[in-house]
Amino acid sequence: MKTLYLECYSGISGDMTVAALLDLGADEQKLRAALASLGVGGYHLHTGRVTKRGISAFDFDVHLEAQEHPHEHHHMDGHDHTHAHEHPHDHSHDHTHDHSCGHAHEHRNFADIVAIINRGALTPRAKELAKQIFALVAKAESKVHGLPVEEVHFHEVGAVDSIVDIVAAAFCLDNLGIEKVYCSPLYEGTGTVKCQHGIMPVPAPATAEIIASSSLSMTITDNFGEMVTPTGAAIAAAVSAGAPPKSFSILKTGYGAGKKEFERANVLRAHLIEERREGSSDGVVKLECNIDNMTGEQLGYAMEQLFDAEALDAWFTPIQMKKNRPAVLLSVLCRPDRLEKLTACILAHTGTIGVRYTPMRRIEMQREADEVQTAYGAVKVKRSRWGAVEKTAVEYESAREKAREWDVPISEIYRAARSEK
């Protein structure tokens, strides 16, 4: 299972989320194509790397073409306050929305935005997630304004900001194959923010409403200014499965740049993680049994069942039993909390009537999924590190796919991938 952990210790906004996911490896070209398919104009994207307090981070910035200045994300993200009605709003991040530059004040309601999302070239999962996130914002705005959701209208400019950030976040989560997301508490600043409702304390009304209606927790910092935008809060509320597990391995880390400058680096850190169950972070269990009454086909089927039951590894070793009968030794590695499940699987699918087990300790290298660019395209690899020791292994399925695509020996794909660092 691909699991994401969002560390929101410098806040969270839509642009920061998208940037962190792109830094983790989401496909930027496919993202641009997906956004273009929505048929929403009036903006262009700026992406690239920036440095925040010495941390190299990816930057995702939506520039509105109807404005003279790059817009900074106000509410609802780094572009963030998506608002209703025609009052000018001035929000958090560093750029300002200026609606006095001749831009017509068109409005979109929630149904209009849903129609835009539905017509986009997105997977069903990405569409549903984008609509879920936008619905959280619309509901918050409806409560703040005291209007039914269907009567809440968003400024043309604010809606473009929000549509781009929300759809981009949903696309990237889907593109990375993220199946579960954990969030830290949302760290917010102090002071006030100017919005359609006038000067309001941080967090802004819509942000506070989203947090109040979700299971998210918030921590106030000494930083002056808005750190959590409505879009950022809505993304976290839509995807979060709660607090992160106490024990996990980090497979890869991405940094998404914010637009503010605080004493701490204004970045959203996103980790791809592998969960570890309580009490199993430093150990495994090896189960063994001798088998002399099964055919090769039956043994193969038993092996499949063991991996389906979450065995970490399993193998057969040829042995000789009493009366010199040929047999196999079945060995299975599992996490301690899977001991009973794997024992039951072995007893159900093999001819043995007993299972031996031994608790064991092990040292694991830190693993990170990556890909290298070759003459045959991107090939997935797994990088492992332990101290000064580093290893890179080519992922078989990725190499197999390229070998078939180019009609070359798979050894050639391995050679090409290993030659790239």
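Is N324 buried or exposed? In this predicted model, N324 is exposed, with a relative accessible area of 58%. The protein has 421 residues, of which buried residues make up 50%, and its secondary structure consists of 11 helices and 19 strands. Among the contacts with a separation of 6 or more, 69% are accounted for by residues 24 or more positions apart.

**Nonpolar cores**

- The largest nonpolar core holds 71 residues, and those that touch the most other members are L4, L6, L31, L35, Y43, F60 and L186.
- Helix α5, which runs over residues 156-175, supplies the largest share of this core, namely 12 residues.
- Once its neighbours within four places in sequence are left aside, Y43 is in contact with L35, V62, H63, L64, E65, V160 and V164.
- In soluble globular proteins, nonpolar side chains tend to be buried together.

**Helix α2**

- Helix α2 spans residues 28-36, and L31, A34 and L35 are buried within this helix.
- These three residues lie on the same side of α2, because they cover an arc of only 95° around the axis.
- An α-helix has 3.6 residues a turn, so residues three or four places apart point the same way.
- On the face of α2 that is turned away from the buried side, the exposed residues are Q29, K30 and A36.

**The largest pocket**

- The largest pocket has a volume of about 1200 Å³, and of the 31 residues that line this pocket, K2, L176, L272, A369 and K380 are the closest to its centre.
- At least two lining residues come from each of the elements β11 (248-257), β12 (267-275), β17 (366-374), β18 (377-386) and α10 (396-406).
- Strand β17 contributes the largest share of the lining, which amounts to five residues.
- By residue type, the lining of the largest pocket divides into 17 charged, 10 nonpolar and four polar residues.

**Loops and backbone details**

- The peptide bond that leads from V202 to P203 is cis, with omega near 0°, and P203 itself lies in the loop between β9 (198-201) and α6 (205-212).
- R53, a residue other than glycine, has a positive phi near 55°; R53 is found in the loop between β2 (43-52) and β3 (55-64), where R53 counts as exposed at 54% relative accessibility.
- N324 is not a glycine either, although its phi is positive at about 60°, and the loop that contains N324 lies between β14 (313-320) and β15 (326-334).
- R338 is placed in the loop between β15 and α9 (339-349), and R338 counts as buried because its relative accessibility is 16%, under the 20% cut-off for buried residues.
- Although R338 and A309 are 29 residues apart along the chain, their C-alpha atoms are separated by 8.4 Å.

Key:
Residues numbered from 1 in each chain as written. Predicted model: local features only at pLDDT ≥ 70, side-chain atom pairs only at ≥ 80, totals over all residues. Heavy atoms only, no water. Core = buried A, V, L, I, M, F, W, Y, C linked by side-chain atoms within 4.5 Å. Buried < 20%, exposed > 50% of the residue type's maximum accessible area, 1.4 Å probe, protein only. Helix = DSSP H or I, 4+ residues; strand = E, 2+ residues; numbered from the N terminus. Contact = heavy atoms within 4.5 Å. 1 Å grid on protein atoms, 1.4 Å probe; cavity = no way out; pocket = protein on both sides within 12 Å on 5 of 7 lines; lining within 4 Å. Points joined across faces, edges and corners; volume = space filled by probe spheres on them. Nonpolar A, V, L, I, M, F, W, Y, C, P; charged D, E, K, R; others polar. Arc of directions from axis to C-beta.
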